[in-house]
Amino acid sequence: MPAEIKRSVSIAGHRTSISLERPFWDALKEIACSEDVSVNELVRRIDGARDVEGNLSGAVRVYVLAHFRNKSAACAT
């Protein structure tokens, strides 16, 4: 498995770091670009919608997976 890359983001005025594998960072950038928002803003939205029990890196991975699954399902219909 590829090594994780740690990056800092600001959420509600607080700095935090997220560790993701490069393919997830690339996918997150692609999604942010398609929604015309910054990666930081997209992460802020994901953080606001996530389950309190999970961690932010995991929530980002699940969001990316769900995004592309939904996109794939839309193409199949």
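Analyst: In helix 2 (residues 39-49), the buried residues are Leu 42, Val 43 and Ile 46. Buried denotes under 20% relative accessible area, exposed over 50% and partly exposed in between, with a 1.4 Å probe and protein chains only. This is a predicted model, in which local features need pLDDT of at least 70, side-chain atom pairs count only at pLDDT 80 or more, and totals for chains, interfaces and linings use all residues. Residues are numbered from 1 along each chain as its sequence is written, and side-chain values use heavy atoms, with hydrogens and water left out.

User: Why is helix 2 called roughly perpendicular to helix 3?

Analyst: The axes of the two helices come within 10 Å and cross at roughly 100°. Angles of 65 to 115 degrees count as roughly perpendicular, under 35 as roughly parallel, over 145 as roughly antiparallel and the rest as oblique; helix 2 is therefore roughly perpendicular to helix 3.

User: Which residues of helix 2 and helix 3 meet?

Analyst: Leu 42, Val 43, Ile 46 and Asp 47 of helix 2 meet Leu 56, Ala 59, Val 60 and Tyr 63 of helix 3, contact being heavy atoms within 4.5 Å.

User: Against which elements do the buried residues of helix 2 pack?

Analyst: They pack against strand 1 (4-11), strand 2 (14-21), helix 1 (22-34) and helix 3 (56-76).

Note on methods:
Helices (H or I, at least four residues) and strands (E, at least two) are DSSP runs, numbered from the N terminus. Axes are lines fitted to C-alpha atoms, for helices over the stretch in contact, and angles run from 0 to 180 degrees between N-to-C directions.
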